[in-house]
Amino acid sequence: APKAVIFLGGVNSTATSSIGFSDLTTDGVVRNNHLEAANTWQTLTTSSVSFVTAPGSEYLGDVTILGADGFTITWAKTGTPTGTATINYMALR
């Protein structure tokens, strides 16, 4: 079972990106929030993955299970986010 997961992701054909991690106790993500403010990077401590796809529209992912066969991300959204995200991860034991 993994003890922590690191994420690197982006939304195709945009500058939207997300770098985050979780060990179920501590979560963190650095995201490019260029759509709400030019050249703006933000940090969050409540999610592991975050994509802002339009002003007021975002996907937030939180690791909720680190199990014997991998991990589970629970997703929440605000507004009407669009686009296709590609997310790479590294699970650490």
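Reply: A strand, as the word is used here, is a DSSP run of E with at least two residues, whereas a helix is a run of H or I with at least four, and both are numbered from the N terminus. Two strands are said to pair if DSSP finds at least two bridges between them. The model is a predicted one, in which local features need pLDDT of at least 70 and side-chain atom pairs count only at pLDDT 80 or more, while totals for chains, interfaces and linings use all residues. Residues are numbered from 1 along each chain as its sequence is written, and side-chain values use heavy atoms, with hydrogens and water left out.

The part to look at is an open sheet of five strands, whose order is 4-3-2-1-8 and whose pairing is antiparallel. Strand 4 (41-44) and strand 8 are the edge strands, and because each has a single partner strand, one side of each is left without a neighbour in the sheet. On average, neighbouring strands of this sheet are turned by 10° against each other, direction ignored; the axes behind such angles are lines fitted to C-alpha atoms (for helices over the stretch in contact), and angles run from 0 to 180 degrees between N-to-C directions.

Begin with strand 1 and strand 2 (residues 17-22), which run antiparallel and are joined by six bridges, with Ile6 standing opposite Phe21 in strand 2. Their hairpin has five residues between the strands, and there Ser13 takes a positive phi near 65°. Strand 2 is in turn joined by five bridges to strand 3 (residues 27-32), again antiparallel, and here Phe21 stands opposite Gly28. This second hairpin has four residues between the strands, with Leu24 taking a positive phi near 75°. Four bridges then join strand 3 to strand 4 in the antiparallel sense, and Val30 stands opposite Thr43.

Leu8, in strand 1 (residues 4-11), counts as partly exposed because its relative accessibility is 48%. Leaving aside residues up to four places away in sequence, Leu8 touches Ser18, Ile19, Thr86, Ile87 and Asn88, where contact means heavy atoms within 4.5 Å. Met90, in strand 8 (residues 85-92), is also partly exposed, because its value is 46%.

A salt bridge, meaning a side-chain nitrogen of Lys or Arg within 4 Å of a carboxyl oxygen of Asp or Glu, forms between Arg31 and Glu58, whose closest N and O atoms are 2.3 Å apart. The pair links distant parts of the chain, since Arg31 is in strand 3 and Glu58 in strand 6, 27 residues apart. Arg31 is buried because its relative accessible area is 7%, and Glu58 counts as buried because its value is 17%.

Finally, Ile6, Phe21, Met90 and Leu92 form a nonpolar patch on the surface, with about 320 Å² of accessible area together. Patches are made of residues with over 30% relative accessible area and no salt bridge, with like charges joined within 9 Å and nonpolar side chains (Val, Leu, Ile, Met, Phe, Trp, Tyr) within 5 Å. The areas come from the Shrake-Rupley method with a 1.4 Å probe, and for residues only the protein chains shown count as cover.

How values were computed: Buried < 20%, exposed > 50% of the residue type's maximum accessible area, 1.4 Å probe, protein only.
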